[in-house]
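Reader: I have a structure open and want a quick walk through it. Can we go from the overall picture down to single residues?
Author: Fine, here it is.

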Amino acid sequence: MLRVGIDIGGTGIQTGIINEHYQIVSEGSIATQTDIPFSEQIKCIADCVKDTVKQGGFTFDDIESVGVGIPGIASKKTGEIINCTNMGWHHVPFRDEFAKYITKPIYIENDANVAALAESVAGISAGTSSSVFITIGTGIGSGIIINNRIWSGAHGIGGELGHVIFDLNGIPCTCGNHGCLERYCSATALIRMGREAAGANPHSGLMKAVSGDLTRIEAKTVIDCAREGDPLAVSIYRTYIRYLSQAIASVVNLIDPEVIVLGGGVSKAGAFLIDPISAEYPQYVVFRDQEIPPVRLAVLGSKAGIIGAAMLN
């Protein structure tokens with residue numbers, strides 16, 4: 001039997017049909033529309049799924065279930081999406097509304113959890129029973145797999161590594177708290193660190209790389225300049241690596257998974273990210289005389305959302 005995976009994002013919604021080998025055999029997509037009523041949004045998503053099934057040469061008799069990954073949280077029991085800010089959804093009956101168009105079992109889960117599941121069944125952590133996936137982008141997302149299943153806590157809100165308090169009196173976070181880990185370990189954090197440092201060092205290689213325009217400094221700018229040996233960028237990047245290493249060590253101290261998987265935009269730095277983290281993070285682990293998890297790069301990329309959503313049950 002085949003399964004449908006739906007990956008709901010802030011700008012686009014991707015749909016896919018997944019076979020028993022975790023391969024996408026048909027794909028579709030629509031633009032995200034937040035300016036239309038909820039019921040119309042769901043109809044558009046359902047229509048996209050129907051088109052994806054048809055284009056693949058299948059019928060719904062071939063489909064076992066539908067899974068949905070969202071940038072938010074949902075109730076597994078009721079099928080209600082409790083909070084999905086990007087879509088403007090707050091306590092909306094997603095499963096009931098979707099069932100008006102497609103009568104298959106539907107499962108809803110956080111998008112980082114879905115990506116973690118995908119990597120654990122078809123990606124870099126396949127073959128393990130426990131793993132933690134950390135996506136490093138605008139914020140920090142994370143998903144925890146224990147005994148081959150997503151662990152999202154008693155109320156569906158577990159695994160929010162990005163909002164673990166890193167510094168009680170630290171940088172204000174968009175969530176309303178201060179010092180959340182994503183204020184120090186995200187791509188946004190690296191951008192902030194780069195712009196602040198370059199502004200105070202106008203003759204640095206980092207500043208020259210953007211012709212003196214601080215607004216042009218992105219995470220990739222800092223990484224590229226550090227790779228090229230600019231002293232200021234190297235210093236910033238070392239601090240950033242220390243923060244990430246401490247975050248990863250905290251995960252290992254708490255959960256002790258078989259592998260840590262890194263994804264998201266910053267992970268495109270590849271070995272330049274993985275190697276220094278792998279060298280530094282063990283010093284923050286409590287039981288350093290025991291085997292500790294390797295840190296690996298995610299391999300499924302943008303397909304993880306579809307694959308992981310389809311595997312929900």
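Author: Among contacts in the protein chain (heavy atoms within 4.5 Å) between residues at least 6 apart in sequence, 60% join residues at least 24 apart. This is a predicted model, where local features need pLDDT of at least 70, side-chain atom pairs count only at pLDDT 80 or more, and totals for chains, interfaces and linings use all residues. Residues are numbered from 1 along each chain as its sequence is written, and side-chain values use heavy atoms, with hydrogens and water left out.

Reader: What radius of gyration does the protein chain have?
Author: The value is 21 Å, taken over C-alpha atoms. That agrees with a compact globule, because 313 residues would give a radius near 20 Å by the rule of 2.2 Å times the number of residues to the power 0.38.

Reader: And how many helices and strands?
Author: The protein chain has ten helices and 13 strands. These are DSSP runs numbered from the N terminus: helices are H or I with at least four residues, strands are E with at least two.

Reader: Which strands form the open sheet?
Author: The order is β11-β10-β9-β12-β13, with mixed pairing; two strands pair if DSSP finds at least two bridges between them. β11 (149-150) and β13 (295-297) are at the edges with a single partner strand each, so one side of each has no neighbour in the sheet.

Reader: In which sense do β12 and β13 pair?
Author: Strand β12 (residues 259-263) runs parallel to β13, over three bridges. L262 stands opposite L297 in β13.

Reader: Switching topic. Where is I45, buried or exposed?
Author: I45 is in helix α1 (residues 38-55). I45 is buried, at a relative accessible area of 1%; the cut-offs are under 20% for buried, over 50% for exposed and partly exposed in between, with a 1.4 Å probe and protein chains only.

Reader: What does I45 touch?
Author: Leaving out residues up to four places away in sequence, I45 touches I6, I8, I13, I30, W89, F94 and F98.

Reader: Then A310, which helix is that in?
Author: A310 belongs to helix α10 (residues 304-310). A310 counts as buried too, with 0% relative accessibility. Beyond residues up to four places away in sequence, A310 touches R3, V4, G5, I18 and S65.

Reader: What share of the protein chain counts as buried?
Author: Of its 313 residues, 50% do.
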